[in-house]
Each structure stands twice: as structure tokens, then as C-alpha cells.
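The following note is meant for a colleague who is new to this structure. Please read the points below alongside the sequence and the model.

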Amino acid sequence: MGIPRLIRTPFRRHPPDTGAAFERWLQSPLGERLLAAERAVLADVLPRLPGVRALQCTVGAPQPLLDESVAPLHWSLGRHGAVDVRARPAQLPLQRNSLDLVLLHHSLDFEDDPHLLLGEAARVLQPGGALVVVGFQPLSLWGLTRLLRLTSARVPWIARFIRPHRVSDWLHVLACEVEGFESSLHGWPRVPRRPERRSWLERLGGRFWTQHGAFYVLVARKRAAMMRPLRPRFALPQAAPNVIPVSMARWQQRTSTEQD
């Protein structure tokens, strides 16, 4: 009896032109609004993450999201656009423990194998390095809009909206500890007529459901390796004691004889 074939993949594969389509969508008014909100959150997060070498994994053309980072050396990596390193994010052509900061900008949402991508990001991080994940929040009004558009085959609704708590569980397996979580853009996915004014949904969301905005920014730290002393496989021979043990009864009898 042969082994049955697996007819389903663990994650849905996206079309080859998804990166270019997402790049064009980010240039739309709604995409620019999303980028502005993400930059505002990253401007508060990145300066707190020290390091020298930083990498940004992008979908489509790279967005200047590492400008607020204190790392003097930073590069962009992706399969499309004018990136510094053209490669698949799930197959990083970098050495182990070579980076201090890795930023995944919606890479998990559009990667065919997000597990492999997180594993590669954790591999290239040195112990104590930071991993910043930016993704769409499914438990939001944007996630509700995605559920209502079941037949839509356009970006960003074809993205894989992964819950941040699920990403946290994956990172825990990869020896990474989540340090912080931030979310923003709590209204419906539309451009307001007056961008300078916050809608009533934005005000209520910023107060009552702060973790359920359109996107999330998750910060994790790779745990440092701990040295554990190894026990010897075989017991070493011990030297014979210099003191000869004497029972208490014999010692008391000897003491009473000397006193008589």
C-alpha cells in the first residue's frame, strides 16, 4: 500500500505579479494612508532598537521605513523593484547571526511559506537582535471588509491576514521573545474627506480597541544562547579519605577507658 499524496498545501500561493500589484496599491490614496500610519508607529519603535546592520524585507518596491533606525548600515531585500538584494525573503542569502535588525513589511501576508520566512529571519539575527513584523490585523474593520469580499482577487484583500498572537507562538518556537505590540488605523478602509480630522471610529478605536487596528507592528527579540556545563559521562575516581571513620560507640568506650 503506497503513501497517499498530499493534495493541499499548508498555505495558499499568491499569483506571481502580487508584488507589483501591492506596489501599485501602496501608491493609491488608501495605500498612502496605510503607509503614513505605519511610518508613524515605526518612528516610535525603531529608535529604541540599537544595532549596526539592519535589513528590510519588502513586497514590491522597497519603502523607506528604516530611516528612523539608529543602525548606520541597512539594506532592502525582495523579489521586485529597486532593492539592494534581489532574493526570495524565505531564502535569505545571508550568514547566520549576521544582522542586528530585520524588518518584515507585510512579507508574512504575501509569502507562500510564512513559517520558513520567520525561520530565516531568526537564523540571520544575532543573539539579542530584534525582529519587527508589520502585517495586516484580521481582527479589525479591515479584516471584516476582507471577509465580506470573498470573491475579491485584488490586493490587499488577497493577503494572508495572520493574527499577531499566532505569529507570537511561531516566534516562541524559534527562540524569540515578543517584547511589544502596537496597532493603529482603527477606521474603515477608506480615505476620509478631511484627512486632518479623525473620525469617530478612530477616536473610539484608539480608546477601546487599541490592538485591533488595520495593521500591527510586533517587536521580538532573539534570545541569547545560554552555556550549560556538561556533566562527565563517566564518574572520575576519587582519592581515598585521609580520615578513618570510627563509630560513636567505639569512640565513647575508648574515651571512658582513658579517663579510668
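1. Glu 111 counts as buried, at 3% relative accessibility (buried means under 20% relative accessible area, exposed over 50%, partly exposed in between, with a 1.4 Å probe and protein chains only). The side chain of Glu 111 forms a salt bridge with that of Arg 88 (3.0 Å, N to O); a salt bridge is a side-chain nitrogen of Lys or Arg within 4 Å of a carboxyl oxygen of Asp or Glu. Arg 88 is partly exposed, at 25% relative accessibility.

2. This is a predicted model, in which local features need pLDDT of at least 70 and side-chain atom pairs count only at pLDDT 80 or more, while totals for chains, interfaces and linings use all residues. Residues are numbered from 1 along each chain as its sequence is written, and side-chain values use heavy atoms, leaving out hydrogens and water.

3. The protein has eight helices and seven strands, taken as DSSP runs numbered from the N terminus (helices H or I, at least four residues; strands E, at least two). The seven strands form an open sheet of mixed pairing, in the order 3-2-1-4-5-7-6; two strands pair if DSSP finds at least two bridges between them. Its edge strands are strand 3 (85-86) and strand 6 (176-184).

4. Strand 1 (residues 53-57) and strand 4 (residues 99-105) run parallel, joined by four bridges. A salt bridge also connects the side chains of Asp 100 and Arg 53 (3.9 Å, N to O). Asp 100 lies in strand 4 and Arg 53 in strand 1, 47 residues apart.
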